[in-house]
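Student: I would like to go through this structure with you. Please back each label with its criterion.

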2 protein chains.
Amino acid sequence: MVNVAVLGGGVVGSGVVDVIRKNCFSISQRAGEEIYVKKLVDIRDFSDSAYGDIYTDNPDEVFNDSSIGVVVETIGGIGVAYEFTKRALQTGRHVVTSNKELVATHGPELLKMARDNRVNYLFEASVGGGIPIIRPLNQCLAANEIHGITGILNGTTNYILTQMKNRGKDFDTALKEAQRNGYAEADPTADIEGHDACRKIAILSSIAYNEFVDYRNIHTEGITKLTLPDMRYADALGCVIKLVAISKKAGDMVYARVSPAIISKTHPLANVEDVFNAIVVKGDAIGEAMFYGRGAGKLPTASAVVADIIDIVKHTGISARNVWPRRDYNNVIPVEDMETRFFIRVLVRNCDEARRYIIKNFGEVSFISLDGGRAPDNELAFSTRKDKEKNLRAKIDSLKGIGSIKQVAGVIRYEEE
Amino acid sequence: MVNVAVLGGGVVGSGVVDVIRKNCFSISQRAGEEIYVKKLVDIRDFSDSAYGDIYTDNPDEVFNDSSIGVVVETIGGIGVAYEFTKRALQTGRHVVTSNKELVATHGPELLKMARDNRVNYLFEASVGGGIPIIRPLNQCLAANEIHGITGILNGTTNYILTQMKNRGKDFDTALKEAQRNGYAEADPTADIEGHDACRKIAILSSIAYNEFVDYRNIHTEGITKLTLPDMRYADALGCVIKLVAISKKAGDMVYARVSPAIISKTHPLANVEDVFNAIVVKGDAIGEAMFYGRGAGKLPTASAVVADIIDIVKHTGISARNVWPRRDYNNVIPVEDMETRFFIRVLVRNCDEARRYIIKNFGEVSFISLDGGRAPDNELAFSTRKDKEKNLRAKIDSLKGIGSIKQVAGVIRYEEE
C-alpha cells in the first residue's frame, strides 16, 4: 500500500481524495498496489467534512510520518507551497502538483532536487487540467524533435471569447457571465491578462526544448482590448480570434508569446470553444498532433494528479531524468524581433485620405470589407504584410499622428501556421 | 547502450531506423541511454540500401544475439509476425509493434507471455499512427473509469469521405484518387470495409475496459454504400457523415460498432478531415478528451514505435502489469439489441402514398428537406425515433414490399453523444 498526503483541501485537493476514493479498485489494479490517502492538510477546518477522518492542520503529521511516500501539493502560489515541496522532496517523498506558478518559477531547482533525492516531481495537472499533455510530451513524443507548440491554454478567456463570438456579447458582459457561472474568479486578472496561459506555455516549452524557459521573458497580452467589431472582421476573413499561446524553437533560442490571434476557421484550434483547452504539438516525425479537453475543473484536474500518483506507484524508485538547465542568457527572443503580420482597425475622419496614408506607410496591405461589402464609413480595417514586429509597430505608431485617423482601435496578430 | 533489431523493412520498419538515426542525440538523452539499431531483418534484399550495414535476411542473427534486448516487429499479419513475437518474448526480449492485426487477434496471449517473461509488449503505433493514445489511455487516464470511446480511426476512408463532402466526388472517384495519392492500397478492402478501424477499436476497448474485446464480435460496416445524396441530406441537417468506431461500457458487457454515422458539425470529430484521425475518450473524472493527428504514415507511426522503445529503456525491468482477461462469454452486445436512430432515404414511385406508409410504419418521424426545401420528388428522406436496432430493421425491411417505394437507397445511424 502506498500512503498519500494531500496538502491543500481546495477544489483540486478535495477532488484528488474524491477520485481516489471513488475509483479505488480500478486505480489500485492499474497501479499494481493500493493507493490510500492518509492525510489531508489545510489551515481551514475540515473536521466536519467528508474528509474529517484524514484531516489535520499540522503539516508535521505528514513530514514526521515515514509511511507517507507521496505528497500532493495543491496549495498554490510560491510561498508555503514552495517550502513544503522542498521539504517533501528532501525527505525522499515523491511530489505531485497542479501548481503551475511554482513549476514555472522554481521548476529547475525542484526537478534537480527530485533527481538528487531519487524521487519524482510530477505536474501533469499544471497544464491543460485533465488533458494528458505533459506525459505525452515527455514520453509519447520523445522520438521527435519538437518544433513548436500552439495552444488555447486558458478556459476562462476562451469561454469569454466564445460568448463574444457566438452571442455578440461585449467583453465586460461576457466576463460578468463567466464570473456568474464560476468560470472566472472574482479577481480575473491572471486569466484575462494572459498570465495563466503564460506560465503554462513556459512549462510546455521547458519540457519540449529540454531547457528552462522563464515565463517572465515571455511577451504576454490579454484579451481585455478585444472588441466585437474586431471579431466581425475576423469572421469576414473566415477566421476567429483566440487567446493563443505559442512557442517555437529557433536555433539556440525560443520564440514564445501569449496574445490574441486571428486564426483560420480551418485551424484545428478554431473549433475549441467554451472552457475547453487544446494544445497542438509539432514534431519532426509526428507532424501535428492535438490534445483537447477540459482545461480546468475539479475532477479533470484531480484525474491528472491521480494519473501522476499511479505512475509513481508503478515505477517506484525510478526518478525522472529530465531537469531543465537554466541558460546563462535570456533564451527567449524579444517579440519585437520576430516576424508577424497584423490585422489593424482604425477609426477615421476622412476615409480616402486615411486609406492613402495607410498604403503609403505600410506598402502593400489588404483592406477588409465586412459581409456585403459595407464597412462603416468611419473605419478602415486592413492586414499588413509580414515584417519584423518592431518595424510594424513603428508604422502603427505613425498612424497616431495623422489627421485623417482618429484612433487605432484594434491591433491583432495573425497566427498562420 | 540498448541494441534494437527491426523485423520487417517496410514503410514503418525503415521509418523506425530513420527516426532513431536522425534524432539519436535527443532520443538517447530522453531515454537515459544510447539506443542503437543493430539489425534490420527482411526477406527482401536491402544490402544496397541505406540500411545495408545492418541488413540481414536471417532472423537467427537476431535471436542468437544476446546483446539485442528490444525487437521491433513491423512485419504485419498474424503468421510469421506471431511466431517471431513469441520467440522474442520467450527469449526475454521486449517487443514493440505497429501490428494491429496481431494485437487484436492474439493480444491476451502475447501480453501474458510478456508478463510471464518480465518484458514488455508495447503497441502504441498500432492505433492512431503517431497520435499518442494507447499510453494516455493506460497511464494518463488511469484515474478514470472509461465510459466510452468514439473515434475516426482510419485515414483512408476519412480522406475519401472528405473528398466526397468537400469536392462532390462520388465514392469510386474519391477512392481512385486516394489510391493515386498513396492514401489507399491497391486492394483497399481492409480500409473501406471498416476492418482496419474494427481492429483498432477492439484494441482501444480492451485497454479501456481491461478485458479482451474480440474484433470478430464487433459489428462492422464500411463506406462503400455511401452516396452524395446522403451527404447532402446530412449537410441540410447541420451534420456530416464519418466512418465512426464507437465503444461503450455497459455493465459487464461492451457495445462496439464500426459504421458510417451522421454526426453534428459541432461534434469534436466533425472537423477531422483528410487523412487525420481523432479519438474522443470519455472518462468519469476527465469528462471528454480528444487526441488528434496523423493516423498513418511512415514517420508518425515510426515516432510512436520509438516512443515505446524509449519507454522500455527508461524503465528497464519493469513489465507492464496489464493483461487482457478473456471472458468465457461473448462480451460484445449484438448490434441488434442496441438502441439507435436511423436516417433513411427511399426512392419512391408515389410520394404521398410512401409518406403515409412511412408514418404508419415508423410512427413519429421527421422528414428532411434539402436546402431551399426542394427535395427531388422521387425520393424521401427521414429520421426515425430511437429504438432497438432490430425493431427498426424490421420496419426498414417492410418498406421493401411496398408498391409506392422503389428502393431503400440509404440507411445511416446517427451518433448523438
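Tutor: The questions below run from the overall fold to the chain contact and then to single elements.

Tutor: This is a predicted model; local features need pLDDT of at least 70, side-chain atom pairs count only at pLDDT 80 or more, and totals for chains, interfaces and linings use all residues. Residues are numbered from 1 along each chain as its sequence is written, while chains are lettered from A and ligands numbered from 1 in the order in which they are written.

Student: How many helices and strands does chain A have, and what makes a run count as one?

Tutor: Chain A has 14 helices and 18 strands. Both are DSSP runs numbered from the N terminus: helices are H or I with at least four residues, strands are E with at least two.

Student: How do you know whether the radius of gyration of chain A agrees with that of a compact globule?

Tutor: The radius is taken over C-alpha atoms, and the globule rule is 2.2 Å times the number of residues to the power 0.38. For 417 residues a compact globule would come near 22 Å; chain A has 24 Å, so the two agree. Its C-alpha atoms fill a box of roughly 75 × 45 × 35 Å along the principal axes.

Student: Why is B:Thr97 called buried?

Tutor: Buried means 20 or more other C-beta atoms within 10 Å of the residue's own; 12 or fewer means exposed, in between is partly exposed, and C-beta atoms are placed from the backbone. B:Thr97 has 27 within 10 Å, so it is buried. It lies in strand S5 (residues 94-97) of chain B. In chain A, 53% of the 417 residues count as buried.

Student: Which residues does B:Thr97 contact, leaving aside its neighbours within four places in sequence?

Tutor: They are B:Glu73, B:Thr74, B:Leu102, B:Val103, B:Phe123 and B:Ser126. Contact means C-beta atoms, placed from the backbone, within 7 Å.

Student: What makes the two copies related as by a two-fold rotation axis?

Tutor: Copies are superposed by least squares on C-alpha atoms of residues with pLDDT of at least 70 in both. Chain B can be laid on chain A by a turn of 180° and a shift of 0.1 Å along the axis, with an RMSD of 0.1 Å. The copies are therefore related as by a two-fold rotation axis. In chain B, the C-alpha nearest the axis belongs to B:Phe291, 2.4 Å from it. The same surface serves both copies, as 100% of the contact residues of chain B recur in chain A.

Student: How many residues does each chain give to the contact?

Tutor: Chain B gives 43 residues and chain A gives 43 residues. Elements giving two or more residues on the side of chain B include helix H2 (24-31) and helix H12 (298-314) of chain B.

Student: In what sense do S12(A) and S12(B) pair?

Tutor: Two strands pair if DSSP finds at least two bridges between them. Strand S12 (residues 287-294) of chain A and S12(B) have five bridges, in the antiparallel sense. A:Tyr292 has B:Met290 as its bridge partner in S12(B).

Student: What puts the buried residues of H11(A) on the same side?

Tutor: In helix H11 (residues 228-236) of chain A, the buried residues are A:Asp230, A:Met231, A:Tyr233 and A:Ala234. They cover an arc of only 160° around the axis, so they sit on the same side of H11(A). The arc is that of the directions from the helix axis to the C-beta atoms. Their cover includes helix H7 (155-167) and strand S9 (239-250) of chain A.

Note on methods. Two residues are in contact if their C-beta atoms, placed from the backbone, lie within 7 Å.
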